[in-house]
Amino acid sequence: MSRLAVLSVASEIYPLVKTGGLADVAGALPAALEPLGIAMRNLVPGYPAVLNALGKRVKAHALGTLFGGEARLLEGKAAGLDLLVLDAPHLFDRPGNPYLGPDGRDWPDNALRFAALAQAAVAVGQGRVPGFEPAVLHAHDWQAGLVPAYLHYAGRKLPKTVITVHNLAFQGRFPRTLLATIDLPDRAFTVDGVEYHGDIGYLKAGLLFADRITTVSPTYAAEICTPEGGMGLDGLLRTRSADLSGILNGIDDTIWDPAADAAIAAPFDVANLAPRSANKAALQRRFGLSLDPDAPLFGLVSRLSWQKGIDLLLDALPALLAEGAQLAVLGSGDAALERALAGAQAHHPGQVACHIGYDEALSHLMQAGADALLVPSRFEPCGLTQLYALRYGCMPVVSRVGGLADTVIDANPAALAARSATGVQFLPLTGPALALAIRRTVALYRDRETWRALQANGMGSDFSWRAPARDYARLYRELAA
Ligand code: ADP
């Protein structure tokens, strides 16, 4: 099998810079693709954290002046990643969040910063880095959306391009007055070009001009083609449906391994589930819940936002309490939701408890100690917490949307008989439907034998990067052929 060179273009990459799932994907894919003959290099902006990790042993390639300052490409390695770093201090040498200034608002020059990233990608595609000729440019999200557009307006058919949508809610819209500034021709500003409702749309441009489009689950790929899920881009996506596919994200099964997880109270595996009870007790103690081994314990690990359906859980809470179940919440976000959850804790001491904040270690104990994990999202491109839950023998209770629909198999009678069920799904997206799912979960929990079988099915599922990496490799090879 010949080796194929691919350039990934992303605005964040784990473990160097992370604000969300995009970083996890960008950081995990290269190593998963390596054994499949894909030589992936990663173009990322030269934020301080990236430049510091790169160290001194780098090769530099001048790019000339880019939007008011000198820019170079630095070639080097960090955290096991083969990096090409866009070193442009006037654009990227800023502390903190990659997109937001200290005032919490978008950097005012984000249009230029990510136009520069796309121009650097095109330069690499045209052979600016000696010895590296990528057959495919893989652009992630709006920050890399202009890559296919620049190639198009330069009249180039190579390299081939893929764009991946990690969350359609983030689209990169900027005023039309910037068109010439970002080096796009006047003729680009049409509905068949980069125009998006009177603005320049970076994601729109990528979706229009990329050779292929992927998103992070098959169901989300279908949902974004509908008016309900398309966030204004469904019409365009429908015209491109032949080139659109969903590839599920994987999880790092060395970091999320219940048999070797330093963050939990007692390790366990599918052949030895008994230590789960020690984790449950530790979780109950940590949250100040009653130390009752028989009360079904529901966990929630989430951003607290409308997307995540936290208000549905508040609606369904009386049903959960009536079943004698417990609820432990780890999350932060919307202030009104934080207040409502704190209020529930105050009214139901010992039965409802919240930890407001972000705590990576505690999120592991939640998966190891809770009996079930609630994920009542209104939309979910892929979702990771339900995958961790499956691996940890924690029953996912999920809305049947996006990646949740694709990764959890509902414990209906047919799936139970076929021994394929791994969790509980619900629709419609309402409090009563979630309440019913919670009651179904408690009934399953009381049937110990069935519950064990469900846990075993989930723990036996493979959600590593192996299968997704094969899908990406196949896509690149098809494009390069
Ligand atoms: P999203 O990216 O939309 O927030 P995902 O399910 O794809 O949702 O990923 C969320 C990630 O963040 C998971 O790894 C989850 O464990 C983690 N997470 C969310 N909230 C918290 C929290 N309060 N503390 C620790 N980890 C959290």
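Two elements are in contact here when heavy atoms lie within 4.5 Å. Helices (H or I, at least four residues) and strands (E, at least two) are DSSP runs, numbered from the N terminus.

## About the model

This is a predicted model: local features need pLDDT of at least 70, side-chain atom pairs count only at pLDDT 80 or more, and totals for chains, interfaces and linings use all residues. Residues are numbered from 1 along each chain as its sequence is written, and side-chain values use heavy atoms, with hydrogens and water left out.

Strands of a sheet pair through backbone hydrogen bonds, either parallel or antiparallel. Two strands count as paired if DSSP finds at least two bridges between them.

β13 and β14 run parallel and are joined by eight bridges. R303 stands opposite S332 in β14. Axes are lines fitted to C-alpha atoms, for helices over the stretch in contact, and angles run from 0 to 180 degrees between N-to-C directions.

## Around the ligand

The ligand is surrounded by 16 residues. The closest are R303, K308, G357, D359 and L384.

β13 (297-304), β14 (326-333), α12 (360-369) and α13 (385-391) each supply at least two residues of this shell. The largest share, three residues, comes from β13.

R303 places a polar side-chain atom 2.7 Å from an oxygen atom of the ligand. A polar backbone atom of L384 is 2.9 Å from an oxygen atom of the ligand. D359 has a polar backbone atom 3.0 Å from a nitrogen atom of the ligand.

On its own, the ligand has 570 Å² of accessible area, and the protein covers 86% of that. Accessible areas come from the Shrake-Rupley method with a 1.4 Å probe.

## A three-stranded sheet

Another open sheet has the order β8-β10-β9, with antiparallel pairing. β8 (173-175) and β9 (195-196) are the edge strands. Three bridges link β8 to β10 (residues 199-201). P175 stands opposite D199 in β10.

Helix α6 (residues 202-209) packs on this sheet and touches β8, β9 and β10. Its direction makes about 55° with that of β10.

How values were computed: A residue is near a molecule or strand if one of its heavy atoms lies within 4 Å of it. A polar contact is a pair of N or O atoms within 3.5 Å; within protein, one must be able to donate a hydrogen and the other to accept it, and residues adjacent in sequence count only if both atoms are side-chain atoms.
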